[in-house]
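Visitor: I have just opened this one and have not looked at it before. Could you walk me through it?

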Amino acid sequence: MAQARKYATAQLAAWNLEDLTFTTELVVSELVTNAVRYSDGPIGLRLIRDRTLTCEVSDTSSTAPQLRRADDSDEGGRGLFITGEVTQHWGTRPTGRGKIIWAEQTLPQPAPSQAPAPPRPNSDGGP
């Protein structure tokens, strides 16, 4: 999981999206942990920057993940619940070799650019 988080953090820095680091690391950790736990083949991680920031984790298991609320005494079972709480949307789709679980985060709005000041009237009344 540490390698996946390092990849995500480096990519966010390259995109100047450091404000999303905490949430993205959390999502990556939860989704990759589930893939490691429930799949026996290769696992992929991809971040996509478009209208949203999408984190995709692919694995070779065709079993759809189950969202559930874990009891206080449970040691696990909160990954998708946590992901759903900190992202705008999440879901899964089948692939030819398993599935992809994805989660979307809203991108921060860019700071408003300063518009040029309107021209000031000339003090002598001319143009």
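What follows is a conversation that goes from the overall layout to single residues.

Guide: Please keep in mind that this is a predicted model. Read along the sequence, the chain follows the pattern α-α-β-β-α-β-β, and its secondary structure comes to three helices and four strands.

Visitor: OK, what order do the strands take in the sheet?

Guide: The four strands form an open sheet in the order E1-E2-E4-E3, and their pairing is antiparallel. At the edges are strand E1, residues 44–49, and strand E3, residues 89–95, each of which pairs on one side only. From one strand to the next, the twist averages 20°.

Visitor: And how many bridges join E1 to E2?

Guide: E1 and E2 run antiparallel and are joined by six bridges, with a hairpin of two residues leading from E1 to E2. Within this pair, Arg49 stands opposite Leu53 in E2.

Visitor: What about E2 and E4, how do they pair?

Guide: Strand E2, residues 52–59, and strand E4, residues 98–106, pair in the antiparallel sense over eight bridges. One place to look is Ser58, which stands opposite Ile100 in E4.

Visitor: Which helix packs on the sheet?

Guide: That is helix H2, residues 21–38, which touches E1, E2 and E4 and whose direction makes about 15° with that of E2.

Visitor: That leaves E3. How many bridges join E3 to E4?

Guide: Seven bridges join E3 to E4, and the two strands run antiparallel. A hairpin of two residues joins E3 to E4, and Gly91 stands opposite Trp102 in E4.

Visitor: Back to the helices. At what angle do H1 and H2 pack?

Guide: Helix H1, residues 2–14, packs with H2 at an angle of about 150°, and their axes are 9 Å apart. The crossing of H1 and H2 is right-handed. On the H1 side, the contact is made by Ala4, Arg5, Ala8, Thr9 and Leu12, while H2 brings Thr21, Thr24, Glu25, Val28, Ser29 and Val32.

Visitor: What classes of residue does the contact of H1 with H2 have?

Guide: By class, the contact of H1 with H2 has five nonpolar, four polar and two charged residues.

Visitor: Which residues touch the most other members in the largest nonpolar core?

Guide: The largest nonpolar core has 18 residues, and those that touch the most other members are Leu20, Val28, Leu31, Leu53, Cys55 and Val57. H1, H2, E2 and E4 each supply at least two residues of this core, and H2 gives the most, with five residues.

Visitor: How much of the chain counts as buried?

Guide: Of the 127 residues of the chain, 29% count as buried. As for contacts with a separation of 6 or more, 52% of them in this chain are between residues 24 or more positions apart.

Visitor: New topic: what is the phi of Asn16?

Guide: Asn16 has a positive phi of about 55°, although it is not a glycine. In general, most residues other than glycine have a negative phi. Asn16 lies in the loop between H1 and H2.

Visitor: Why does Asn16 count as exposed, rather than buried?

Guide: Asn16 counts as exposed because its relative accessible area is 62%, and exposed means over 50%.

Visitor: And Thr92, where is its place?

Guide: Thr92 has its place in strand E3. Thr92 is partly exposed, because its relative accessible area of 35% falls between the cut-offs of 20% for buried and 50% for exposed. Leaving aside neighbours within four places in sequence, Thr92 is in contact with Pro65, Lys99, Ile100, Ile101 and Trp102. Thr92 and Val57 are 35 residues apart in sequence, and 9.5 Å apart in space, C-alpha to C-alpha.

Visitor: Last one: where does Gly84 lie?

Guide: Gly84 lies in helix H3, residues 79–86, and is partly exposed, with a relative accessible area of 29%. From Gly84 to Ala103 there are 19 residues in sequence and 8.0 Å in space, C-alpha to C-alpha.

How values were computed
Residues numbered from 1 in each chain as written. Predicted model: local features only at pLDDT ≥ 70, side-chain atom pairs only at ≥ 80, totals over all residues. Heavy atoms only, no water. Pairing = 2+ DSSP bridges. Axes fitted to C-alpha atoms, helices over the stretch in contact; angles between N-to-C directions. Contact = heavy atoms within 4.5 Å. Left-handed = near helix turned anticlockwise from the far one by under 90°. Nonpolar A, V, L, I, M, F, W, Y, C, P; charged D, E, K, R; others polar. Core = buried A, V, L, I, M, F, W, Y, C linked by side-chain atoms within 4.5 Å. Buried < 20%, exposed > 50% of the residue type's maximum accessible area, 1.4 Å probe, protein only.
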